Every structure is written in structure tokens, then in C-alpha cells.
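Load the model in your viewer and keep the selection tool handy. We will go from one side chain to the next.

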Amino acid sequence: MSEYSSTLLRLLETRGYIHQATDAAALDGLASKEIVSGYIGFDATAPSLHVGSLVQIMMLRRLQQAGHKPIVLMGGGTSKIGDPSFKDEARKLLGVEQIAGNIASIRRVFERFLTFGDGPSDAVLLDNAEWLDRLEYIPFLREIGQHFSVNRMLGFDSVKLRLDREQSLSFLEFNYMILQGYDFLELYRRTGCRLQLGGSDQWGNIVNGIELTRRVAHQEVFGVTTPLITTADGRKMGKTESGAVWLNAEGPDGYRLSPYDYWQFWRNTADADVGRFLRLFTDLPLEEIARLEALRDAEINSAKAVLATEATALLHGRDAAEAAAETARQTFAGGGSGAALPTLRVDGEVNILAALTGLGFCASNGEAKRKIAEGAVRVNDVAMSDPALMIIVADEVKISLGKKKHGLLTSLQGA
């Protein structure tokens, strides 16, 4: 039985989102009697967020489901610096136009998970460049800088990590935590925001913002962090052998993932993670989740398929999720190809290395050659051993890498 009285904290607790909270009792009381605005910041350092950010997006969704107001704060200002938290080296500095393009691309993902509008619990998307770009250095130092202790900032794990390894931490990056703390103060001033949510690695930055808002605005505000989401074998959520699991289905090379591949990512969840991931990443009722995670042996695969379909439906829509599920069924059970498989259109014929890289199965020709040498590559379900093979594509050819990656080669002439 939950110790909380508010719908918000009960929902977050029972679904497994709460790791740390500042004055949880006071936040619980506030959320029981009024609509609370809460925010999470997302830096726009790439055209897409990856699945490692999904638990934060779902936190905002839960906030709205509980009747409160989500604020998506895009780091148009802070992305010009880059968060040094638990990074081994400085991020590459991005230009203004690139950051703006990244924000426009990322926004499409939030529109899948949140309802935006002008209502009391409708989500809003803000950009901290609106206030950070206008700061005057000396007034900012006088008003805000006096509230930050360098001694304490040097003690943050994210800073100590770099210093202990004798890796450079620029003054530019050192300012990031001050600007992030200032974001909370500015959001309180502009919108009355009382809550910041984030991952456990952001605890120090969140506490900075809480203390700054209390000192400058004399207002109690709150913070809640989620646990670090790792898989049953201890790996960080979303880290795969083939790279990041991006949330955008469309975008530049290297920053997109098809609905089918996204479905497959969830279908490959370890048995021990199914129940936890169903609670975190789907809207299924807890009673149904309890039934699914109780399945054993081969039956647990049906629970994984449900997880994959429900998670994919939230991001890409129900039709795309069902199409991905049907493609998987045809590919693995029926021996067919399925319409949602990744597809590469070629003119007449294509070298097998180019096919593997063009479908995104391998990052380079060298990797493709290694996979062929390992016997992992099949064309129309027949193992291939020759890296110089030219595949003639008159209609449709199925190409597979291992047991989990399948794609289609189709002819330009037949398109």
C-alpha cells in the first residue's frame, strides 16, 4: 500500500519511477490540493533523443495523467555549452541553426507522448535560450553567482569524475550547473513551476536549482529523480551492440530508427526485465502487467511481444506497432518477409557489403566482412560466405544478419 495520498506520487511510486525526492511529504500534500507544474530539461545535442531518455519522457506523461502540467524544457541555451555530467570529455560546440533544427526534430517525439495546449494540465514546450541568451554577465554574477559555492560544486560526482582522471573541465562546462539551477528559478518566476524531475545523475543539479529558488524567490520547490535504468545483466538502458536506439523514425543517417527495429528492441528484452519495463514504458494496467510478468519459460515471449507492441504504439502509433508485430510474426513464424522490414532500393544489383551497410546492419565494410566470415549473413535464408558477392535484385530479396536483423532489397525498376 502506498504511503502517499496524491495521485501523482502514488502513480510514480507504484510504476517504479521514484529514486530520490526532496521533502516528499510536502510535495505529496501540494499535489493533493492543486495542479503542480513540473519540468524536465533536454539538451538538443542531436536530431533525436534515444531510448535512454524515455523514462524521463514517461515521467512527464505520468505527471499529465495524474492531472498536473508537464513542461518540456529544451536546452537551446545550455546546448551551446553541453552538460559535463559523467562525460569523459567536452561535447562538441554546436551552432545556433543546428540546435534549432534539433529542437524541431525532437519536438515530434514529445507530441506522441503528451497533449499540448493552453489548458491547465496541457503540456508546454519552452526553450531556455529565451532567458539564457539575454543574461548580462555582471548582473548575473551579482544576483545568482553569490549563491553557488565552488567548494561544493567541486565535490559533485560529475565534476570529481573528470578531475580525478585528470581530464580537462573547461570554465564553460563548469558554468553549466549554474545555468541549470537558474533554469528552475526562471521557470518558477515565469510559470509558477514547483517541481523538477530528472535522472539520478541530475540530483546535484536539481538540488542547486531548489536551493537557488528558495534563496532568491523565497519559495519552496521540489525535485524527484528516477533510478538509473539498467537491464538485468547490468548494462545501461538503450546501449546495444548496434548503437543507440533512437526515438525518431525519420531524420539524418545515424539518428533514426524504424518502427520495426524499435519493436524488435523491446521484443529482445531479458525475461527478468519484462515486468519492470511494462510498468515504466507502457500504459497497461498494473493487474495485467502482474499477469504477464508471472508467465514462465516460452510463455514469457508473449509478454515480450505485448511490451514491444505497447511501447511502439506510444511512440509510433498503434498501426505502426501492429504492422511491426505482424512483420515479426511473418518473419520468424511464417517464414515470410513482412512489409515493415527495413528496405534498401537498388538498381539491378548490389554488393553484399553495400547491402549490409545500406540497411544499417553494419557500420562499415570491415564489420560486414567480419559478419560474413562468421557465417552470420543470409540471403533469402541461405548462408553467404563471399564478401565479393553481387546480389541480383529483380523483385525482392530478403537479407538477414543473425537471428534478429532482417531487411529487404527491392528493385528501383519495380518501384
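Does Y182 count as buried or exposed? Select Y182: at 6% relative accessibility, the residue counts as buried (buried is under 20% relative accessible area, exposed over 50%, partly exposed in between, with a 1.4 Å probe and protein chains only).

A word on the source: this is a predicted model, where local features need pLDDT of at least 70, side-chain atom pairs count only at pLDDT 80 or more, and totals for chains, interfaces and linings use all residues. Residues are numbered from 1 along each chain as its sequence is written, and side-chain values use heavy atoms, leaving out hydrogens and water.

Next, look for aromatic pairs; the whole structure has nine (ring centres of Phe, Tyr or Trp, the last by its six-membered ring, within 6.5 Å; planes under 30 degrees apart are stacked, over 60 edge-to-face, the rest tilted).

Now jump to W266, which is buried at 0% relative accessibility. Show F277 too: the two ring centres lie 6.0 Å apart with planes at 90°, so W266 and F277 are also edge-to-face. F277 is buried, at 3%.

Last stop: select R107, which lies over the face of F116, 4.9 Å from the ring centre (the criterion is NZ of Lys or CZ of Arg within 6 Å of the ring centre and within 35 degrees of the ring normal).
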